[in-house]
Amino acid sequence: MADLDVTTMSDLTREAALAMDVADPLAAFVDEFDLPAGVIYLNGNSLGPAPKEALAKVRTAAQDEWRTGLITSWNKAGWFELPYRLGDRVARLVGAAPGEVTVSDGTSINLFRVVCAALSLRPDRKVIVMEGSNFPTDNYVVQGLCETLGRGHTIRFAEKDELEAAITDDVACVVLTEVHYKTAHILDMAGITAKAHAVGALAVWDLCHSAGAMPVDLNGCEADFAVGCTYKYLNGGPGSPAFQFVAARHREGLKQPLTGWWGHEAPFAFDRDYAPAAGIGRMLTGTQPILSLSAAEAGLDLAERAGPERARAKSRALGELFQDLLAGRLKDTGFAMGSPADRAERGGHIALEHDHGYPFMKALISRGVIGDFRAPTTMRFGFSPLYLRYVDVWDAVEILRDIVESEAWRAPEFAAVDAVT
Ligand SMILES: *Cc1c(COP(=O)(O)O)cnc(C)c1O
């Protein structure tokens with residue numbers, strides 16, 4: 001396999017990996033997380049682990065604010081402001097300005113809302129360009145909204161190398177994910193957005209696998225809309241609310257279909273008829289999950305303290321070490337890279353392909369190395385930068401080598417397929 005070339009790091013010793021941890025500027029962040037003992041967690045690209053502060057915030061929000069403060073907490077504890085306050089924090093991580101982002105609802109819902117908003121700005125165009133291999137919910141949401149709108153919108157599916165040609169002057173908007181959920185390939189946000197604008201189309205970006213893993217510059221790229229979740233690299237907690245971004249230039253007069261009372265200009269006037277709030281508030285719909293929002297702030301705080309540049313540098317280095325150690329120890333065992341071999345072209349995780357990927361992954365998990373599996377043959381390993389150590393990567397590769405060489409993966413219990421993979 002050309003992409004599993006042996007390099008100088010391929011025979012790095014465990015002591016040398018420990019020395020890399022000593023030199024790591026983000027080393028102290030591991031103490032901010034409450035990771036179970038004996039686990040090497042390589043699945044932060046899917047569900048980040050619990051920051052200690054998140055657990056404390058949930059306790060405070062539940063005990064002091066909900067139990068004791070009761071309904072007064074909407075004002076006293078700032079509950080009503082949370083989507084905006086957290087939105088402004090996310091804005092700093094993704095190159096947006098204050099007032100351009102809220103944290104509210106989920107990614108799928110937010111995508112529905114922002115794509116409808118984008119289409120309302122291009123009423124004469126009917127084509128939406130998407131990468132068919134994207135995480136399916138994005139396709140499903142846009143398919144559903146095309147049908148619901150009933151105005152003849154269609155999706156033009158194009159893969160990475162076909163996008164340029166697909167973005168023509170009949171396109172209303174592109175709806176693309178910057179870092180691919182499976183392969184981790186990175187789309188050129190600045191270039192594709194510029195191409196869309198050149199033909200009069202808008203650009204909607206999904207940042208689920210970008211936010212917290214790498215620098216994002218929405219305004220630098222002149223992106224129009226964006227969404228993303230907070231439970232992956234932002235460590236916000238299971239099902240934590242997602243973010244939505246609307247470039248300031250589109251806010252005035254913008255229409256979105258989920259017009260609820262939280263997006264009203266005067267929610268507590270309880271008027272009969274809808275009138276949109278000024279600013280980003282019009283992108284809200286209804287009451288938000290306050291306990292989840294409270295928990296999510298801790299992860300945002302850590303991401304901000306670490307900084308996207310340092311997070312990206314470490315995530316890349318961890319991934320590269322994994323790739324190099326594999327090349328040294330598992331070169332002729334049938335693995336192939338499912339991600340770009342060049343670390344600059346991939347996001348925070350690595351996809352490894354192997355015909356026995358499923359039982360390999362189950363065997364790894366039974367030994368405390370937690371990654372995940374995507375059918376038919378993809379094993380995903382996430383290199384989330386704030387709590388992983390270089391020695392964790394070293395140990396994970398060693399355990400994988402042992403499972404493959406000892407044929408431990410052939411045990412019958414690793415063949416049975418679980419409901420969630
Ligand atoms: C994880 C992910 C989602 C998640 O959507 P939910 O509404 O939170 O379930 C959406 N899109 C992409 C590209 C993702 O990677």
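The legends below describe close-up views of a predicted model. Residues carry numbers that start from 1 along each chain as its sequence is written, and side-chain values rest on heavy atoms, with hydrogens and water left out. Because the model is predicted, local features need pLDDT of at least 70 and side-chain atom pairs count only at pLDDT 80 or more, whereas totals for chains, interfaces and linings use all residues.

View 1. An automatic or database domain assignment supplies the bounds, dividing the chain into domain 1 (14-32 + 307-414) and domain 2 (55-305), with C-alpha centres that lie 30 Å apart. In contact (heavy atoms within 4.5 Å) are 28 residues of domain 1 and 20 residues of domain 2. The two domains bury about 1,800 Å² between them, 57% of it on carbon and sulfur atoms; this buried area is the accessible area (1.4 Å probe) that two parts lose on being put together, summed over both.

**View 2. The salt bridge between E32 and R305.** A salt bridge here is a side-chain nitrogen of Lys or Arg within 4 Å of a carboxyl oxygen of Asp or Glu, and the rule finds one across the interface of domain 1 and domain 2. E32 and R305 form a salt bridge in which the closest N and O atoms are 2.9 Å apart. E32 is partly exposed, with a relative accessible area of 27%, and R305 is also partly exposed, at 44%, where buried means under 20%, exposed over 50% and partly exposed in between (1.4 Å probe, protein chains only). Both residues belong to a network of salt bridges that also links R85, R89, R92, E297, D301 and E304.

**View 3. The salt bridge between K314 and D24.** In this pair the closest N and O atoms are 2.8 Å apart. K314 lies in helix 11 and D24 in the loop between helix 1 and strand 1 (40-41), so the pair ties together parts that are 290 residues apart in sequence; helices (H or I, at least four residues) and strands (E, at least two) are DSSP runs, numbered from the N terminus. Both K314 and D24 are buried.

**View 4. The salt bridge between E398 and R401 in helix 13.** The side chains of E398 and R401 meet at 2.6 Å, N to O. Both residues lie in helix 13 (residues 390-405), three residues apart, about one turn of the helix, and E398 is partly exposed, with a relative accessible area of 24%.
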